[in-house]
2 protein chains.
Amino acid sequence: MSYFRSDIEAMEGYTPGYQPKGSGWVKLNTNENPYPPSPRVLKALRKAVSEDLRKYPGPMADAFREAAADVLGTSPDCILCGNGSDDLLNMAVRAFCEQGAPVAFPYPTYSLYVTLAQIQGARAVRVEFPQDYRLPPELAGTGAPLTILCNPNAPSGTMVCPEEVARLAENLDGVLIVDEAYAEFASANCLDLHRRMDNVIVMRTMSKSYSLAGLRFGYALASRALIRGLAKVKDSYNVDALAIAGATAAIRDQLYLQDNVERIRATRRHMRAALQDLGFECLPSETNFVLARPPEPFAAEALFQELFNRRILVRYFDEPRLDEWLRITVGSEKEVEALLNTLKEIIAAARTGDA
Amino acid sequence: MSYFRSDIEAMEGYTPGYQPKGSGWVKLNTNENPYPPSPRVLKALRKAVSEDLRKYPGPMADAFREAAADVLGTSPDCILCGNGSDDLLNMAVRAFCEQGAPVAFPYPTYSLYVTLAQIQGARAVRVEFPQDYRLPPELAGTGAPLTILCNPNAPSGTMVCPEEVARLAENLDGVLIVDEAYAEFASANCLDLHRRMDNVIVMRTMSKSYSLAGLRFGYALASRALIRGLAKVKDSYNVDALAIAGATAAIRDQLYLQDNVERIRATRRHMRAALQDLGFECLPSETNFVLARPPEPFAAEALFQELFNRRILVRYFDEPRLDEWLRITVGSEKEVEALLNTLKEIIAAARTGDA
């Protein structure tokens, strides 16, 4: 006999990317930023490590909301902070979807959306992306109270342009989340939609572009009414005092962010071109990773394993549409060189074996 | 038209205790510990403020689980970490209660339980405590898949002995959470029950006795099967790298904890006796606060306001069973003296006014 709800009993749970123990790994599997956070963030964090930790944090993280409103040109009332943007996605599924209600999103995308639907006992409605990852028109017609669009999308790295996203939002009866976890690496974003559409929530995270995956901080931008409702669902003190201090310093340091992002974009261009030279098919990327299909005769899973054996971690997804591809994080210049050199060796060895 | 679920639309949301702006307040309203966290915690946190924050934290916070298992005499597999114990309570309501299912708990108690039931669309079943706050026998007969017992209880400060809690667990068909947020201040606890009963979850927090409310860290102790199921419901990276580092150092420093707790207990004895001398009725307290009823002719709400006007914050609950009482946190010796002196003044002034 189980004490758990049957939905929970039946589900698997989300599998986070593999975190290796020990050193010497080239870790290109979880889209972490290869560069450190801004020195100003580390300084603010050191300052916040104090006796004041005995006190509860501000329940709405107002220090961050004010700084972010200033930087992004919005009102603090239109911002809600989360313990990572996963926390905000979770709140939204809870706030908008009854048990049994549909949650719609394109496929393939961030696999957490399915997990969140399962936990809620909601029904995940996957609308397949076409091969070129343009917006599938059927997404506007599901009738779901909540639609989630990861944009730029993971794990494809592709992006739907803001005009099309706006059109999607107009055609929906329910709420649209634009999960912009990777937006800072992209050539455009949908930030503006939260100001002009009452059913759009734009979500951002500090994990990728701000190099703060360890700090757990995300934020949502939406109309005051949506923020007010979502706030009812959040844990009373969902972000801790250190995360608030670090995230506030991070969003204020836009120069550091731009430098960091520019470096990643330059490496991305180089990595993608070099992979293509090696015969990989690469989707265009607006993120800090590239989805790449190995050249014949290499199977993605076997190549993942060969790289793993040489202590290079990339991400392989054993599921439809993805099982011929590898998702490779844009690491530092040095890490990407190590990856490319190892791939060259593996390919050369295979050709020698053939001959 | 609302985009929200009707349950969410209808609910109010949890109201955290008032956090004043500016200095000069004697803050005895949110059960924060008046003493700083262990110096070892602050040292560990400073060390953890590093470039490594660019990486995701361990998803299960294994460093903490191993340290806590060692200190508490259990297995790491029997521990689950949460972003505060509120996060763990939330997971449990989601994991065990379908929409419409009952969640049972005595009343009055921690008001978050009602909020969590509302968010889940579950049905809060309140079983009233008798006047002396002994365990109400009806609690065993609700048929709820989840029963929550705050023990020691907030806001009464009273405790049910472990033998009675064990008997309750035996008589339940569902799961029993023993929310031990204040257990370190008490003369006994139910830690042992997680080892011998497969339906008991004991929850602890670092917010009160470890002086780390700002860090957001709690943990649950239960059978491996319950921990495994709850873990499916948790956010992938629910506790951040700094919280893990701080909490691990905190649980290892049991000497500091004992000193801190002893000081609070001594002040509690003094404060309670002094309040009684002033004519207050005080419930026995196994926590870091005292529930006290002001003497005639003082109404609790008016006295709360008088104290507030003099920048002393205590907690007043405008609800049945509580509206004649004030919940007063055991602050530092100095803060408690300030409270007692102010109360003496107010009482003396009223008597002069009478004369």
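**Entry 1: around B:Phe96.** I looked up what B:Phe96 touches, taking contact as heavy atoms within 4.5 Å, and, leaving aside residues up to four places away in sequence, I found A:Tyr3, A:Phe4, A:Arg5, B:Pro145, B:Leu146, B:Val175, B:Ile201, B:Leu226 and B:Leu230. I then turned to the largest nonpolar core, which has 243 residues, and noted that A:Phe96 and B:Phe96 touch the most other members. Such a core is a set of buried Ala, Val, Leu, Ile, Met, Phe, Trp, Tyr and Cys residues joined through side-chain atoms within 4.5 Å. Buried means under 20% relative accessible area, exposed means over 50%, and partly exposed lies in between, with a 1.4 Å probe and protein chains only.

**Entry 2: what I am working with.** I remind myself that this is a predicted model, in which local features need pLDDT of at least 70 and side-chain atom pairs count only at pLDDT 80 or more, while totals for chains, interfaces and linings use all residues. Residues are numbered from 1 along each chain as its sequence is written, chains are lettered from A and ligands numbered from 1 in the order in which they are written, and side-chain values use heavy atoms, with hydrogens and water left out.

**Entry 3: aromatic rings.** I searched the whole structure and found 26 aromatic pairs over all chains; rings of Phe, Tyr and Trp (its six-membered ring) pair if their centres lie within 6.5 Å, and planes under 30 degrees apart count as stacked, over 60 as edge-to-face and the rest as tilted. A:Trp25 and A:Phe308 form a tilted pair, 5.1 Å centre to centre with 55 degrees between the planes. A:Trp25 counts as buried at 18% relative accessibility, whereas A:Phe308, at 24%, counts as partly exposed. Ring pairs link A:Tyr18, A:Trp25, A:Phe304, A:Phe308 and A:Tyr316 into a cluster.
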